[in-house]
Amino acid sequence: MTSDFWSTIYVFVLASFIGLGVIRRVSRLLHTPLMSLTNAISAIAVVGAILVAGGDHPLRIRILGAIALFASMTNIVSGFLITDRMLKMFKSDEKPPSTELRAGR
Amino acid sequence: MMYSVSQFGYLVASALFIFALHWMNTPATARKGVYAGVAGTAVAVLVTWAEPTVIHHAWIVLAIVAGFAVGVPLSKVPLTAVPQRTALSHAFGGAAAGLVGTAEFYLRLGEGAEGLTPFRMVALIAEVILGYLTLTGSLMAAGKLQEVKWVPQRPVTYPFQNVINFLLLGVAVALAVALTQHPDAAWAPKVFPVIIVLALLFGVLLIIPIGGADMPTVIAILNSYAGLSAVAMGFVLDNKLLITAGALDGSSGLILAIIMCKAMNRSFTNVLFGAFGQIQKAPAGGEQKVYKSESPEGAAQVLEQANLVVIIPGYGMAVAQAQHKVRELYDQLKKRGVTVKFAIHPVAGRMPGHMNVLLAEADIPYTDLVEMDDINYDMPQCDVALVVGANDVVNPAARFDKTSPIYGMPIIDADKARTVFAIKRSKNPGFAGIDNELYFGDRTWMLFGDAKAVIGELVKELGAK
């Protein structure tokens with residue numbers, strides 16, 4: 001347990017540093033899509049929900065898991081879709097339309 | 001063997017998530033970020049579903065189908081409603097963490113002290129408290145943003161509010177400590193629901209004293225909480241992907257909240273416990289100030305002669321649905337060789353970055369959306385500043401009036417432009433309930449009326465020339 005404990009803390013601290021570093025460089029133009037994207041990403045809690053909903057557990061436990069799974073899945077689907085929908089709207093005017101399409105590659 | 005496969009899958013997903021956020025640093029690569037996020041999530045879901053301990057599939061399929069059924073319509077809301085949708089998704093995230101935490105607690109209870117080590121117990125209770133308070137707090141925030149009738153817009157305050165809130169949280173923490181020390185006690189299964197109820201209640205009480213103007217910060221803070229609840233779930237399940245994704249989300253919410261606080265010259269504690277945005281009492285004996293107003297014809301003539309026009313949009317523009325008319329005005333002016341820029345205050349709109357999305361939807365190139373600090377440098381050279389539905393973010397009182405609630409807040413220097421036109425529906429104060437000095441300035445002319453109609457008039461006048 002002690003080595004588990006330290007390795008998970010390690011991961012948390014390092015991931016937070018990566019998060020702060022990466023997020024700080026996100027364009028201010030994109031803070032709204034950023035929020036919906038991180039929302040969809042943190043809905044990875046779906047992993048925990050699948051284990052609870054699909055495990056060999058009493059029914060009432062599995063129902064809790066299924067509700068959690070539904071909530072996470074809703075966030076994943078709506079989060080990624082709306083992020084993409086917003087990002088599609090951002091167009092630059094400095095390039096002609098043909099290169100603009102390629103800029104979205 | 002399966003363990004290695006799933007761990008490898010989680011590692012790949014973690015890397016994809018980091019790339020997803022990295023690609024958000026410019027609009028040109030941002031969509032790649034979404035695909036990376038989708039790929040990461042898909043990998044993680046598949047390797048988890050393939051775990052040998054997952055044996056019941058019907059509920060999983062049902063929940064996933066239901067998630068799509070609700071998620072797809074939720075992704076199609078109008079862009080003005082994106083803040084509410086975001087708050088709602090924080091609520092869902094909090095609910096998921098809370099429910100999984102609850103399920104884990106009752107599962108591990110059977111295992112006695114073996115399953116509920118102090119570390120796991122602390123993580124579990126943190127997950128449950130953060131999850132459930134995010135659930136109700138975010139629902140309240142969504143209600144305020146959606147302007148639901150039974151959720152008060154103005155802050156609700158009562159005596160000893162903060163003391164009462166912290167007492168509640170204190171009781172929850174005290175119960176949590178007791179539970180951590182005696183997870184196998186006979187009373188444990190009964191105390192746990194009490195903690196849940198306290199967390200749910202605390203979420204509501206935390207948000208009701210906060211006014212509508214502070215919702216951008218509140219959403220960002222709740223975003224952080226939702227991320228942290230996922231981290232706590234990761235600690236409980238010993239899952240490093242959850243910890244990584246939750247930490248990314250948590251730090252994102254934290255940075256956005258800091259940016260919002262700086263943009264309003266406020267501290268976290270002040271936003272959370274300051275009850276900002278109550279209606280100010282009018283100072284007694286103040287002289288009646290007079291507005292100068294201008295007709296659309298006159299304003300169009302001035303606009304036409306300008307070299308540099310800076311449009312300062314606020315949420316009022318979106319309320320009036322005036323974005324597309326603004327775009328037409330932008331086109332008319334550009335056609336005449338006028339340089340047009342949009343000045344974006346960090347708190348314009350109702351969530352971080354909201355105004356950029358609203359303007360992007362109206363096909364305004366993002367290269368003409370300029371941040372506050374950059375545009376302020378150009379404001380003395382600006383011929384016309386056109387204020388559309390913005391109020392507090394251009395109020396010069398922030399610079400000199402120490403009694404003003406927005407004193408010290410960085411603003412867009414609209415008053416430094418040679419001419420200021422401000423479109424305003426009525427003479428009422430703005431979202432934060434404060435009078436605006438700019439409107440009485442020497443070089444300011446008001447264009448009274450609905451933003452969409454007034455800008456439509458301007459476009460018509462320019463088009464006729």
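How many residues does the contact take from chain B, and how many from chain A? I looked this up first: 96 residues come from chain B and 81 residues from chain A, with two residues counted as in contact if their C-beta atoms, placed from the backbone, lie within 7 Å.

A note on the source: this is a predicted model, where local features need pLDDT of at least 70, side-chain atom pairs count only at pLDDT 80 or more, and totals for chains, interfaces and linings use all residues. Residues are numbered from 1 along each chain as its sequence is written, while chains are lettered from A and ligands numbered from 1 in the order in which they are written.

Back to the chain B side. Helix 4 of chain B gives the largest share, 15 residues; helices (H or I, at least four residues) and strands (E, at least two) are DSSP runs, numbered from the N terminus. I sorted that side into 57 nonpolar, 29 polar and 10 charged residues. Here Ala, Val, Leu, Ile, Met, Phe, Trp, Tyr, Cys and Pro count as nonpolar, Asp, Glu, Lys and Arg as charged, and the others, Gly among them, as polar.

Next, the sheet. I found 6 strands of chain B in an open, parallel sheet, ordered 3-2-1-4-5-6; strands pair if DSSP finds at least two bridges between them. Strand 3 and strand 6 (444-448) of chain B are the edges, each pairing on one side only. Strand 2 (residues 339-344) of chain B meets strand 3 of chain B over 3 bridges, and B:F342 stands opposite B:L369 there.
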